[in-house]
Amino acid sequence: TKKTAGKKAKEGSDEKKAVETVPNGNYLWISLFATSLKPQGRAALVMANSASDARHSEAEIRQTLIEQNLIYGMLTLPSNLFYTVTLPATLWFFDKGKAADEQGSRVLFIDARNIFTQIDRAHRELSDEQIQNIAIIPRLHKGRRAEFVALVDRYFQQGLAQLQDVAQHIPALSERLLALLAEEAGESDPAAQEAGQAAVAGLQAQWAQLPALAAAQATHDQGHGSSEDLDTRNTAQQALRQRFTPFFHELHASLKVLDKAIREMDKRKAEAAKAAGKRMAGNRQARGVKDAVQALHDEVKLAERFYTHIAWLQERFPQAKYNDVTGLCKLASRAEMQEQDWSLNPGRYVGVVIEEDGKTQEEFLEQLQTQLDELTSLREAAETVEASVFANLQLLLNEAPV
């Protein structure tokens, strides 16, 4: 009947409309950016990570973008980077002025999901140095090697400035440590005092090496100007980093010896108090010295992070030139992207690196002991606060009118 035929025609029309319906607006934005570019135009946008792997009609759009050579690069960000979104996002970079040859048709994929600074359990951020380290990758790809060596030189200068600031506090801290050892150990425990004095002397001897390193860096800065060959500058930078690496190793070792001497002093003091049937009383000077030592640890880590960034860059790009790095970046050809169903997800191309923490059993146990000491210190502080609150409450109740 006409009524039945009309109903079927309407159902067919609805089905056709359903097929043509866009599931979400992601690719509307992507298409808008791609079609709005001028002949040499470039653009970038932030998109949900899932969009780079979407199937069906979205895959066809990606294929078109790739075949028209509009995608310069894709960068995946870590999860929990945004306060309102926990999932990782991806940065899309468009460039309509790319070369049309085989090399120019490649897409640069960068997987930065493992590059972040943890703020708290639920939030992360990218430090300025981490952003610079990521940004230098496409610059290397474009042949801007001078910016790579300039970034490394800047890290050297920032790291040395931080170390020199810390070194100014070492004489005063050493005096406070020696005074504490004399007061806490004294004649009653000459062995503990001798061990502590040796630890302080080791720390002073280690920091005494800093002027020689500063002189080496000054020579490097004067002898390797911006007009020098980039390969020569890169080689000189690697040699300079090799001079700082043992300095930090030995510095951490001397700090561990100092921490151990302080722990042993506290342990013997606690045993003596227990044997006398007394509770070990807190010492404000001792607490202040321990806080100063912990601050020294933190300041050394702040300085060392610049040299860690230098090592990160030099280990991945030893020639100060772009190269594919497993787990970080990859230049993928059109054929490789076709094999991946035109996916633009960097994780499909860069590969995976399983990294160990590199710690020995002894280092792990030392770290565990440090954390135990910190927990013990926090517990003692909590007990002191609890006793103070309890005493104040009792005082208030006793003075309150009946």
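**Helix packing, salt bridges and loops in a predicted model**

Helix 5 passes helix 8 in a left-handed crossing, where left-handed says that the near helix is turned anticlockwise from the far one by less than a right angle, and right-handed would be clockwise. The structure is a predicted model, so local features need pLDDT of at least 70 and side-chain atom pairs count only at pLDDT 80 or more, while totals for chains, interfaces and linings use all residues. Residues are numbered from 1 along each chain as its sequence is written, and side-chain values use heavy atoms, with hydrogens and water left out.

Helix 5 covers residues 145-167 and helix 8 covers residues 210-223; helices (H or I, at least four residues) and strands (E, at least two) are DSSP runs, numbered from the N terminus. The two axes come within 11 Å and cross at roughly 155 degrees. Axes here are lines fitted to C-alpha atoms, for helices over the stretch in contact, and angles run from 0 to 180 degrees between N-to-C directions. Helix 5 and helix 8 are therefore roughly antiparallel to each other (angles over 145 degrees count as roughly antiparallel, under 35 as roughly parallel, 65 to 115 as roughly perpendicular and the rest as oblique).

Helix 5 also packs against helix 4, at an angle of about 160 degrees and with the axes 9 Å apart. This pair, too, is roughly antiparallel, and its crossing is left-handed. Helix 2 (residues 26-35) and helix 3 (residues 57-67) pack at about 15 degrees, with 11 Å between their axes. That angle makes helix 2 and helix 3 roughly parallel, and helix 2 passes helix 3 in a left-handed crossing.

Next come the charged pairs. Side chains of opposite charge can pair when their charged atoms come close. With a salt bridge taken as a side-chain nitrogen of Lys or Arg within 4 Å of a carboxyl oxygen of Asp or Glu, the count comes to 10 salt bridges. One of them joins Arg-305 to Glu-129, with the closest N and O atoms 3.1 Å apart. Arg-305 lies in helix 10 (residues 284-316) and Glu-129 in helix 4 (residues 128-141), so the pair ties together parts that are 176 residues apart in sequence. Arg-305 is partly exposed at 31% relative accessible area, whereas Glu-129 is buried at 13%; buried means under 20%, exposed over 50% and partly exposed in between (1.4 Å probe, protein chains only).

A salt bridge also links the side chains of Arg-113 and Asp-111, at 2.7 Å from N to O. Arg-113 is partly exposed, with a relative accessible area of 37%, but Asp-111 is buried at 8%. Elsewhere, Arg-139, Arg-144 and Glu-147 are linked in a network of salt bridges.

The side chains of Arg-55 and Asp-341 meet in a salt bridge as well, at 3.4 Å from N to O. Arg-55 lies in the loop between strand 1 (42-48) and helix 3, and Asp-341 in the loop between helix 11 (334-339) and helix 12 (347-350), so the bridge ties together parts that are 286 residues apart in sequence. Arg-55 is partly exposed at 42% relative accessibility, and Asp-341 is partly exposed at 41%. The phi of Asp-341 is near 55 degrees, a positive value in a residue other than glycine. Ser-343 is found in the loop between helix 11 and helix 12 and is buried, with a relative accessible area of 1%.

Most residues other than glycine have a negative phi. Asn-80 has a positive phi of about 60 degrees although it is not a glycine. Asn-80 sits in the loop between strand 2 and strand 3 and counts as buried at 19% relative accessible area.

Val-85 lies in the loop between strand 2 (71-76) and strand 3 (89-95).
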